[in-house]
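These are my notebook entries on one protein chain. I set down what I looked up, topic by topic.

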Amino acid sequence: MGGAISGSVAPTGEFPVVLNVYDLTPINNYMHWCGLGIFHSAVEVHGSEYSFGAHDYPTSGVFEVEPKNCPGFLYRSSIFIGRTSLQPLEFRDFIQRMASEYHGDTYHLISKNCNHFTDDLSSRLTGKPIPGWVNRLAKLGAFCNCLLPESMRLESTETKNLTDYDFSDGSNVTLKDPFEDDDIEDKHLLPQSSFVENAIVQEVHR
């Protein structure tokens, strides 16, 4: 799984789009051999990294961090997806408008998680999706929806109260991408934007 980042020179006016993948648990070291794992992902473009997380408010859950350094996750690998012709200011307006489609309180482990966001963003920027293995567990969960605990089913609205899961290797993970108090200041929520609003990233303060 995974792929090398292309070392070719970018055509004039085009910019690389890279998927950065993180582990949510050390058990991925064993699960990835069978094409499974519990992953967080983010899209790197124009020197910043963008992803989607859960919070309790009807505002943007899209956030920006330093590439390969998302708080709370262990960086695994980077995968070259393609290129975009959007200039930095054009991209900033684009990502802020896209943020209005991804409110923190609409996060759902199975149907609308960080990997759904990065797949959507990658497809819009390059016409190419992210590798299927990154979000395979969520797809399996959707296929087996009736077998899942009630709080995790597609029709459920209780995804903010998921139980922590303990693994045989002693690791623990909560299967969501929340904004925790200890790393909130390291994640920058993107403001929702109209076509005429300034493209400014606002830091969350609590």
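Entry 1: terms and model. I take helices (H or I, at least four residues) and strands (E, at least two) as DSSP runs, numbered from the N terminus. The model is a predicted one, in which local features need pLDDT of at least 70 and side-chain atom pairs count only at pLDDT 80 or more, while totals for chains, interfaces and linings use all residues. Residues are numbered from 1 along each chain as its sequence is written, and side-chain values use heavy atoms, with hydrogens and water left out.

Entry 2: Ile 38. I located Ile 38 in the loop between α1 (28-31) and β2 (39-45). I call a residue buried under 20% relative accessible area, exposed over 50%, and partly exposed in between (1.4 Å probe, protein chains only). Ile 38 is buried, because its relative accessible area is 12%. I also looked up its distance to Asn 135: the two C-alpha atoms are separated by 7.9 Å, although the residues are 97 apart along the chain.

Entry 3: nonpolar cores. I use the term nonpolar core for a set of buried Ala, Val, Leu, Ile, Met, Phe, Trp, Tyr and Cys residues joined through side-chain atoms within 4.5 Å. The largest core has 26 residues, and those touching the most other members are Leu 19, Tyr 50, Val 62, Ile 95, Phe 117 and Leu 121. Two or more residues each come from β1 (15-23), β2, β3 (48-52), β5 (74-84), α2 (88-99) and α3 (114-126). Helix α2 gives the most, with five residues. A second, separate core has eight residues, including Ile 38, Phe 63, Phe 73 and Leu 189.

I then listed contacts (heavy atoms within 4.5 Å). Leaving aside neighbours within four places in sequence, Leu 19 is in contact with several residues, among them Val 43, Ile 79, Thr 118 and Val 134.

Entry 4: salt bridges. How many salt bridges does the count come to? I count one where a side-chain nitrogen of Lys or Arg is within 4 Å of a carboxyl oxygen of Asp or Glu. The count is six.

In one of these, Asp 23 pairs with Arg 76, and the closest N and O atoms are 2.8 Å apart. Asp 23 is in strand β1 and Arg 76 in strand β5, so this pair ties together parts 53 residues apart in sequence. Asp 23 is buried at 8% relative accessible area, whereas Arg 76 is partly exposed at 25%.

Lys 68 and Glu 44 form another salt bridge, at 3.3 Å from N to O. Lys 68 is in the loop between β4 (62-65) and β5, and Glu 44 is in strand β2, so parts 24 residues apart in sequence are tied together. I noted Lys 68 as partly exposed at 33% and Glu 44 as buried at 17%.

Arg 124 and Glu 101 meet at 2.6 Å, N to O, in a salt bridge. Glu 101, Asp 120 and Arg 124 are linked in a network of salt bridges.

Entry 5: Thr 126. Is Thr 126 buried or exposed? I found Thr 126 in helix α3, and it is buried, because its relative accessible area is 19%. Polar atoms of its side chain lie 2.8 Å from the backbone oxygen of Ser 122 and 3.1 Å from the backbone nitrogen of Lys 128. Beyond neighbours within four places in sequence, Thr 126 is in contact with Val 17, Ile 81, Gly 82 and Arg 83.

Methods: Polar contact = N/O pair within 3.5 Å; in protein donor to acceptor, adjacent residues only side chain to side chain.
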